[in-house]
Amino acid sequence: MANRIPHAKITLSYPLYSCAFDPTDPNLLVVAGGGGPGRNGVGNKITLLDTSNPAELSQVAELELSKNEDNVTTLAAGPRKDKTLTVYAGVNSSPEEIKKGKNEHFRVFGISHPSRSAKTSGVRISEVARDALFMHKDTNAYQRLLRLSHPYENLSQLGAIATGLSREPEIALFDAPCAGGGRWKSRGRLDTPKEAMDLDVVQTGPDTYQLAYCDDHDIFTVEISKTQVSDPKCVYTITPDEGATAKASFKSLRYLTPDFLITVVNKPSSQGVALHGYRLPAKEQQQNARLAIRAKLPKGVSKATGLAVRNLSPTASPSDKQGETQFVVAVAGNDSSISLFTVDHKSAASVDLLSDLAPFQVLKSVHPSNITGLSFSSFTPPKPSSKTAEFSVKLASVAVGFTTAVHSIPLKRHVDKAIPERKGGPPRPSRYVVALKSKGESPVTVLTLVTIMILILALVGQTFLEAKDISKPILGVRDYLPVSWTTPLRKVPVANEKTIKDLLSDANVHPTQPLVVRHDETGEVDDEGLPPLHVGVHDEETHGPATSWENLEPKDQHLWKQRLKKTGHWVEEMGETMFQGVLFGEIGGAIGNIVGEAL
């Protein structure tokens, strides 16, 4: 298959709950888990795997932890110190220690190897430090979440951990120094009304960060500076769909840039999964986040279990503005599938946009059991050169059934052809994107929607024309529409045509003489099919009976107004005040028939 993604799999000796690539070497993958305290025959371990072969994974080193303590629940690969990789993890102390009020759940490990080759002998994994970052002494609590901000050269990273199963939920923050090793320091903590479902951290300046976390229905952000941690600010709340009472719920969230978050949303009653991208408000703004983009997962996925994201053109510094780039997004489903998407970030002047959130592959039955962890390898775009080489970004997944899988997603160089190439100038900028084509909306679906829209507009237009008696009846809807809808369009008097006000003013009569508006009874009609209009002194013997405007029947008033509108002598804006005290001739009988037919 042309679109087949190379993959490799390995089965270890224990359940796996977390995984993380070495940020500086995409060929090294750390996985961890275990059977927990007192589980016979199933140890608690951390394993280093070599992923350099797209078709085969091999074990490089392994550390077996105490069987009296809990399994590894969370994992994050941090900075390097010389040839040692720092790994942060969550491991609860033994039940006996926890009962005594001592739970050193925060662990730091070092993975040292003498060369860049993972296959070199002498690789060693060892524990460097352990401590308790959570304040509350809850015997049921454990370190459920762990995230590190994106690494930048010579800058510290910020880490965040959150409790699970705690009666008093909390989030703790810590510094991960760029020098690596077991050194770290606390950056504060937060008590939260509800446990965080997921969290993430983004660096916004040399020593400023933003934390985002979600519970079932709300997204919060927290500003973190060198000296201060702000109160959580709710920036988005899920509301039920129209006509529904049950709400969807957040499962996972990740930063794309400091301005955009992407989340996984599980619909109520296991009715499916969606990806939602949000534009975050600026720090000084009191606005809420706005939904910027969204997509649905395949119908077979009723719930999601994990999310991973990788920026294929990351900035070199947290102070740099993110330009054009593509993100790869992976969502694990409860059917052991992984849905792969791409989403583009576009930047023009001061406007940043997300676009083209689209799937490009569904990896089915990746594991025989539930997927518990997802992680992308790092990708640093190579410097432009004449050499052609194949590049990929790796996606690791682990499962409770002891298995680890790594998929190598091919990438290709992309040149933006919209940027004009200057003769003799520098080459157009290039970046890397996923080589597999994303599956956007089906052309059939788009054409169907366009056809339906055109048909609806045509029906609305024809209904309007018939309602205003502009077109011959085709749909025959005029008789079924409200009277207010069938009022003919107003005719604005033309420049060379006198209004009824002008005709009344031009009638040179004495104030005591009655003024009448009547039709010519000779049988002649004008271009509109109406008998000519006359305004003058009323002579009942000559003109017949006439009635003042106030005493006209409402139906006759309406007929006179329609007749005057038809020839442009009067429009609604003129009002009816000018008709007060004026007599109007008969508009029934033969004259009424002529007027009725013309109108």
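This is a predicted model: local features need pLDDT of at least 70, side-chain atom pairs count only at pLDDT 80 or more; totals for chains, interfaces and linings use all residues.
A residue is called buried when its relative accessible area is under 20%, exposed when that area is over 50%, and partly exposed in between.

**Stop 1: Asp191 and its partners.** Select Asp191. At 46% relative accessibility, this residue counts as partly exposed. Next, select Glu170, whose side chain meets that of Arg189 in a salt bridge of 2.9 Å, N to O. Because Glu170 lies in strand S12 and Arg189 in strand S13, the pair ties together parts that are 19 residues apart in sequence. Is Glu170 buried or exposed? With 2% relative accessibility, Glu170 counts as buried.

Stop 2: Select strands S10 to S13. They form an open sheet of 4 strands in the order S10-S11-S12-S13, with antiparallel pairing. Strand S10 (142–148) and strand S13 (185–191) stand at the edges with a single partner strand each, so one side of each has no neighbour in the sheet. From one strand to the next, the twist averages 20°. Within the sheet, 6 bridges join S11 (residues 157–164) to S12 (residues 170–176). Leu158 may be selected here; it stands opposite Asp175 in S12.

Stop 3: The structure holds 18 salt bridges. One of them joins Asp22 to Arg80, with the closest N and O atoms 2.3 Å apart. Asp22 belongs to strand S2 (residues 16–22) and Arg80 to strand S6 (residues 72–81), so this pair ties together parts that are 58 residues apart in sequence. Both residues are buried.

**Stop 4: the largest nonpolar core.** Select Ile338, Leu340 and Ile409. Among the 23 residues of the largest nonpolar core, these three touch the most other members. Several strands each supply at least two residues of this core, including S24 (338–348) and S28 (403–415). The residues that Leu340 touches include Ile5, Val329, Phe360, Leu395 and Ile409. Apart from this core lies another, of 20 residues, among them Ile293, Val301, Val331 and Leu354.

**Stop 5: helix H5.** Finally, select residues 554–566, which make up helix H5. After H5 comes Gly568, whose phi is positive, near 80°.

Key: Residues are numbered from 1 along each chain as its sequence is written. Side-chain values use heavy atoms; hydrogens and water are left out. The expected span of a helix is 1.5 Å times one less than its number of residues. Two strands pair if DSSP finds at least two bridges between them. Axes are lines fitted to C-alpha atoms, for helices over the stretch in contact, and angles run from 0 to 180 degrees between N-to-C directions. A nonpolar core is a set of buried Ala, Val, Leu, Ile, Met, Phe, Trp, Tyr and Cys residues joined through side-chain atoms within 4.5 Å. Buried means under 20% relative accessible area, exposed over 50%, partly exposed in between (1.4 Å probe, protein chains only). Contact means heavy atoms within 4.5 Å. A salt bridge is a side-chain nitrogen of Lys or Arg within 4 Å of a carboxyl oxygen of Asp or Glu. Lists of a residue's contacts leave out its neighbours within four places in sequence.
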